[in-house]
Every structure is written in C-alpha cells, then in structure tokens.
Amino acid sequence: MSKKLSEAMKIANDLAPDEQLTLISHLLQRISLCEITPQSKYNITELEGIAPNLLGGMDAQEYITKMRNGEFPDLEIQETKTRKPA
C-alpha cells in the first residue's frame with residue numbers, strides 16, 4: 001500500500017458518515033471514467049538469471065536435439081527412475 005493511500009484512508013476514517021458517502025460517490029464517478037488495464041504479475045526483467053547456466057551455454061535447440069539423441073545418459077537414467085510402472 002502506498003503512503004498516499006494510507007494517508008487518504010486515515011483521513012477518510014476521520015470523516016463523518018455523510019462525508020464518507022460523498023467521498024465514495026466522488027471516487028466512483030472518477031473511476032468510472034478511467035480505463036483500468038491489468039498489471040502483469042511479473043516483470044520480465046525479474047526473471048533474468050533465475051536459472052543461470054542451465055544449459056551450460058548451449059543453445060536450447062541444440063540441447064533438446066542432443067537430449068533426444070541420447071547424448072545425456074544421466075538425464076535418461078534419472079527420468080526412468082522417477083517414472084512409475086504402468
């Protein structure tokens with residue numbers, strides 16, 4: 001919560017009930033004229049470095065190709081160990 005919002009809420013609490021209703025009416029009129037766009041949950045720059053060197057500097061497509069060709073046997077062993085029998 002912003003400092004301004006916190007201050008406005010404290011001031012609103014000190015108003016008489018009829019003044020609070022007037023304030024609510026004023027805010028509703030103002031907000032009805034605004035276009036509210038949803039804010040993204042994440043900023044893309046916050047994700048930078050979340051998994052550094054995951055591919056060891058390898059291109060993602062090259063990594064997938066090598067994995068499909070069985071060039072990473074340790075991955076295949078881990079994968080088969082975690083699978084449940086059918």
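The exercises below work through a predicted model of one chain.

Residues are numbered from 1 along each chain as its sequence is written. In this predicted model local features need pLDDT of at least 70 and side-chain atom pairs count only at pLDDT 80 or more, while totals for chains, interfaces and linings use all residues, and side-chain values use heavy atoms, with hydrogens and water left out.

**Exercise 1.** Work out which pattern the chain follows along the sequence.

Solution. Reading along the sequence then gives α-α-α-α.

**Exercise 2.** Check the span of helix α1 against its residue count.

Solution. The expected span is 1.5 Å times one less than the number of residues.

**Exercise 3.** Decide whether methionine 58 is buried, partly exposed or exposed, and find its contacts.

Solution. First locate methionine 58, which sits in the loop between α2 (17-32) and α3 (60-68). Next apply the cut-offs (buried under 20% relative accessible area, exposed over 50%, partly exposed in between, with a 1.4 Å probe and protein chains only); because its relative accessibility is 22%, methionine 58 is partly exposed. Finally, with contact meaning heavy atoms within 4.5 Å, methionine 58 touches Tyr63, Lys66 and Phe72, leaving aside residues up to four places away in sequence.

Methods
Helix = DSSP H or I, 4+ residues; strand = E, 2+ residues; numbered from the N terminus.
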